[in-house]
Amino acid sequence: MATEAAAPAPPAPPATEWWRHVQVLAHDSLKGRDTGSPGHESAARYIAQQFAAAGLTPSGTDGWFQRIPFVEVTLDQPRVQLALRTPTGSTPLVLGRDLRLTPRPATGNVDAPLVFAGYGLSLPQAGVDDLNGLDLRGKIVVHMAGVPNGLSPALQAHGSRNRWAAMRDAGAVGIIAIGSAGVWGNGAGATSSLSLADSLLDDARGQRVGGTINPALIPRLFAGSALVWDSVAARASRGDPLPTGALTTSLQATLPTHRRTLTSPNVVGIIPGTDPALRHEVVVYSAHSDHVGTFKGPVLTGDSIFNGAMDNASGAATLMETARLVAQRGGNKRTLAFVAVTAEEKGLLGSRWFAAHPSLGTSTIVANLNTDMFLPLIPLKGVFAYGYEESDLADDLDAVVRERGIAVLPDPEPQENRFVRSDQYSFIRRGIPALAFKVGYTPGTPEATIWQAWVRDHYHKLSDDTTQPVNFETAARFNAMYADLALRVANRATRPSWRAKSFFAVPLVP
Ligand SMILES: [Zn+2]
C-alpha cells in the first residue's frame, strides 16, 4: 500500500514519566476514581495539566473538559417485590439470591409473560436470528448468556453486547439472562447503575426490567411449556442452535427506584495537523481515566480502595506519555486528539458520548486507537491487537512493530470478547476503524501464566495497586511503539478503512 517512508524508530525513552502518572492516578487519595467522584475530578485535572505541559491545545467544550450529564438509578431494595407466576401458583423471589437486577432509567413495575429466545441473538447477517418468529410484544425475554458455535470473535462480541436493541424494536419490555451455574455465588449484585442522560444514547432505553436469574430456578421457568430444559441446557453446552418459544411463566416485579443526576468529564487535547487538507481528519487516542471507586462491603484487610493501577491508570498514563512523545516529534499531517474518557467502567459511556458529540468542530474522526489495562507485567515479545483482522490499521501496526522487533500475536481468548469490552467499541459501532492493545503472550509459556494469573487475582480487585511487579522496559517499549503508531496513522496516505469483508464495515447503530 502507498504510505510514507518512515524515519527509523527512535530509541524508547525510559518509563519514568509514565510511572509517575500511574502513581498519581492510582494513589489512595483519588479513592478509586469512580465516575462523578472528587477523586475522578482530580484525576481529570491532572490529565489536563499534563496535556497542557505536553503542548496540546484544549479541545473540550469547556477548556480541556467535556462535561457529560448522567443519571444514576438505584433500586429501593427494601421495597422491591418479585414473584414468578406459573399456572399452578405464585412463588416470591428474593432480590440478589434469585434474581439480580440492573436498574435503568425506564425501570419500574412490570407484570409480563416470559419468552425463551435461545441465545437471544439477532445477527441475520450471520444466519443467526433467535428472535425470528417470536411475539415479543409486552414480553420479558429470557436467554442463555452464551453464543452458538461458528461466529467470528467480532460477531460473538458484537452480538452478545447488543441483544437488547432488537428485542426492544420487537416490543419487549425486559431481558433476563440465565446465570452460569458455576459462578452464581451469593453476591447481591449491583443495585444501582449509571446511564447517559441523553436517552437516545442509552443502549438499555425502554428496559423496564433487566438482569440475571439464578440457574437453579430455570426448570421452574420451563415447567408447563413445550420446551424441555434439560435438552436446551445440553444443546447450549455444545454451542448448538437452540429451540425458542413462549413460557407459561410470568414475572411480577415492583421496582421502586431513586434517581440522581451528576456530571463527569472527558479530557480532550489535540495536536493540530500540519496538512491543509488532512488536518480535518482526526485520529483519536483514547484511554479511560475512571475506575470503580471503593469497596462498599465490610472491610477485612484495611484496604478498601480499588486503585486501578493497571485498570486503567496504566493506559491513561500511556495516553499522556504518547501525547508528550508525539508532540515532541511533531509533523503529524492529520490532527491527533488525545481523549481521556470517563465512565468506561459504567458501560463505555464517556467514549459513547464523545463519539456521538466529538468536540472537534467540523473535523471527522477517521480512526481510534485505545489502550485499556495493557498489562506491562511480562517481557514485550508481542502485542494483542483487538480488531486486527477488521481494518487496514493492521498494515500500520505491522510496519511499526517490525521496526521495534515486536510481534502481533493472535488473541488466545476470543471468547472474552475484548474487542467490544473497552472504549474502541464506541467508535467501531459508528463505522470508525479502531484497534486496541495489550501486551501479548503465547499460550503455554510462563508469560501466559503470569498474564492469566493477573486477570484471575487482580482484575477489579483491591490488589490492582502500585505494588505490582511492573516491567518498566516493557512499558517503555510499548509506549514508544504507540507513539510510532500515532504518527504513522496520522501521516498515512489514505484514510483508514475496514477490510471489505469486515462485519463492522457497515455502521451498526447511531
Ligand atoms: Zn475495568
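Which residues coordinate the zinc ion? Select D311 (OD), E345 (OE), E345 (OE) and H460 (NE2), which sit at 1.9 to 2.5 Å from the zinc ion. Donors here are N, O and S atoms within 2.8 Å of the metal (3.2 Å for Na, K and Ca), and water is not among the atoms, so sites may look incomplete.

Before going further, keep in mind that this is a predicted model: local features need pLDDT of at least 70, side-chain atom pairs count only at pLDDT 80 or more, and totals for chains, interfaces and linings use all residues. Numbering runs from 1 along each chain as its sequence is written, and side-chain values use heavy atoms, without hydrogens or water.

Back at the zinc ion, the donors follow the spacing D-x33-E-x114-H along the chain. D311 lies in helix α7 and E345 in the loop between β16 (335–341) and α8 (349–356), so this pair ties together parts 34 residues apart in sequence. Helices (H or I, at least four residues) and strands (E, at least two) are DSSP runs, numbered from the N terminus.

Next, select α7 (residues 309–329) together with α1 (residues 16–25): they pack at about 135°, axes 8 Å apart. Axes are lines fitted to C-alpha atoms, for helices over the stretch in contact, with angles from 0 to 180 degrees between N-to-C directions. Show side chains on α1, including W18 and L25, which are among the residues that meet α7; contact means heavy atoms within 4.5 Å.
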